[in-house]
Amino acid sequence: MTRLTVDGVYQHIRGVCFKTGPPGTVGAETEWFVVDTADTGAHVPAERVRALVADGGPPAAGSKITYEPGGQLELSSAPFRGLGPLHTALGRDIAQVRDALAAGGLALAGHGVDPVRRARFQADHPRYACMRDYFRASGFQAAGLAMMCSTASVQVNLDIGADDADAARRWRLAHALGPVLVAAFANSPLRDGRRTGLRSSRQGIWTELDPCRTLPVLRDGADGDPAEAWTRYALDARVMLVHTAEGKWVSDPGMSFREWLGKGEPREDDLAYHLSTLFPPVRPRGWLELRMIDAPPGRYWPVPVAVATALLDDPAAALAAEAATEPVAGRWAAAARCGLSDAPLAAAARSCFAAALDALPRLGAAGLVPLVEEYARRYVERGRTPADDAPSPSSIPSGLRSRPRSPIPSELPSELPSEEDPTWPR
């Protein structure tokens with residue numbers, strides 16, 4: 001295989017990561033914590049989960065099941081032409097996995113961060129061990145372990161765009177929407193049994209992590225070629241790990257990909273692997289991955305998928321979202337800390353939800369309107385998020401709490417009681 005040059009990196013990213021075509025395909029990846037319903041503060045051995053899931057058989061609608069290093073279960077849908085088929089298929093597979101786990105006294109829990117259990121590494125693949133070693137060597141040990149073992153999200157996968165101009169527009173809008181999606185779906189106020197001071201502690205963990213691979217790619221304006229921006233990002237990021245020709249994994253070789261390229265060593269498959277170790281909130285992989293959304297309470301997993309898809313794929317909704325997000329495009333920190341108690345983000349979220357609700361019937365997804373409306377009434381219209389439903393730390397047994405954390409901001413509203421959720425610690 002021919003050795004890479006900088007121009008070769010750009011050509012790969014242009015032709016693979018930003019491959020254009022008519023939009024309309026949507027996929028979703030849902031991550032879940034698995035809890036023992038008899039003791040929600042106990043770690044569940046990964047082997048127990050895998051055995052129960054295997055007994056339930058392969059997902060009937062074709063979703064792929066994988067496991068994160070802390071034992072989080074991930075269900076990834078196939079790509080579908082439209083929200084309606086995606087919702088039906090992925091919903092069917094989630095229900096199948098729920099039933100399989102219930103047979104063994106386990107349940108799926110939707111939180112952006114595990115609210116009570118400390119991070120526990122349960123992965124057996126050497127890639128994850130090397131990733132853990134990289135974060136340790138880079139000075140991000142605590143955040144790295146928390147990211148790998150204690151976070152969960154709903155990821156929305158959408159097409160790059162019809163052509164280069166459309167791709168650039170969708171790229172800009174996806175980044176501008178990021179803080180609104182963080183704020184509107186914030187669902188991780190607790191970590192280790194205590195409030196962190198953030199509505200989205202998951203976003204806080206990513207902010208603490210290795211910035212060369214987790215910061216947004218688009219940070220300093222909306223102009224420029226997305227492929228060039230992603231190329232610069234990839235070249236400047238440190239190489240996390242190398243899979244050698246002998247099949248070994250080497251962690252933290254101590255150089256950026258640009259520096260490695262200067263040695264004349266990496267090949268195209270090394271580039272493809274390096275790109276998979278970069279985790280910005282919007283990542284191009286031949287489609288756009290929207291990676292910034294906390295896993296919501298179980299019944300609401302379709303809502304962020306529907307809202308994000310409508311705002312990017314429906315032309316009228318996209319125009320409304322562009323206008324609504326312009327004032328808040330850079331408010332990532334405020335989104336994580338305040339959620340929708342931040343007035344500018346709340347206003348943007350209300351406009352975005354209204355546009356999405358208007359668009360869903362045009363996208364053939366009228367069946368999702370009642371659930372999105374329910375979420376909007378319960379949270380968005382009230383300046384609230386699922387984080388505001390979290391139980392008081394005093395209701396969590398003291399044995400499940402660990403190190404002290406700063407209190408949540410005093411303006412946190414508390415007037416709406418949480419829906420009954422057996423996976424919350426009692």
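Let's start with a spot I like: Arg98 lies over the face of Trp32, at 4.9 Å from the ring centre. For a charge over a ring, the rule asks for NZ of Lys or CZ of Arg within 6 Å of the ring centre and within 35 degrees of the ring normal. There is another case at Tyr300, where the charged end of Arg299 sits over the ring, 5.3 Å from its centre.

A quick word on what we are looking at. This is a predicted model, in which local features need pLDDT of at least 70 and side-chain atom pairs count only at pLDDT 80 or more, while totals for chains, interfaces and linings use all residues. Residues are numbered from 1 along each chain as its sequence is written, and side-chain values use heavy atoms, with hydrogens and water left out.

Staying with rings, the structure holds 11 aromatic pairs. Here rings of Phe, Tyr and Trp (its six-membered ring) pair if their centres lie within 6.5 Å, with planes under 30 degrees apart called stacked, over 60 edge-to-face and the rest tilted. One of them joins Phe185 and Phe353, a tilted pair at 5.9 Å centre to centre with 40 degrees between the planes. Phe185 lies in the loop between helix H6 (164–184) and strand E7 (190–191) and Phe353 in helix H15 (residues 343–359), so this pair ties together parts that are 168 residues apart in sequence. Helices (H or I, at least four residues) and strands (E, at least two) are DSSP runs, numbered from the N terminus. Both Phe185 and Phe353 are buried, where buried means under 20% relative accessible area, exposed over 50% and partly exposed in between (1.4 Å probe, protein chains only).

Now to helix H9 (residues 226–236), which is mostly covered, with 8 of its 11 residues buried. Among them are Trp230, Tyr233 and Leu235. What do the buried residues of H9 pack against? Their partners include helix H1 (6–17), H6, helix H10 (257–262) and strand E11 (282–284).

Arg362 gives us a contrast, in the loop between H15 and helix H16 (369–378). This arginine, Arg362, is partly exposed, with a relative accessible area of 45%. Beyond its neighbours within four places in sequence, Arg362 is in contact (heavy atoms within 4.5 Å) with Asp314, Ala316 and Ala317.

On a 1 Å grid over the protein atoms alone, a cavity is a set of points where a 1.4 Å probe fits but cannot get out; a pocket is an open set with protein on both sides within 12 Å along at least five of seven lines; and lining residues have an atom within 4 Å of a point. Grid points are joined across faces, edges and corners, and a volume is the space filled by probe spheres set on the points.

The largest pocket has a volume of about 960 Å³. Its lining comprises 36 residues, with Glu29, Glu68, Glu74, Arg283 and Arg285 nearest the centre. Which element gives the most to that lining? That would be E1, with 5 residues.

As for cavities, the count comes to 5 of 30 Å³ or more. The largest cavity has a volume of about 140 Å³, and of its 18 lining residues, Val34, Gly70, Gly71, Arg117 and Gln122 are closest to the centre. E1 supplies at least two residues here too, as do helix H2 (46–55) and H5. Thanks, everyone!
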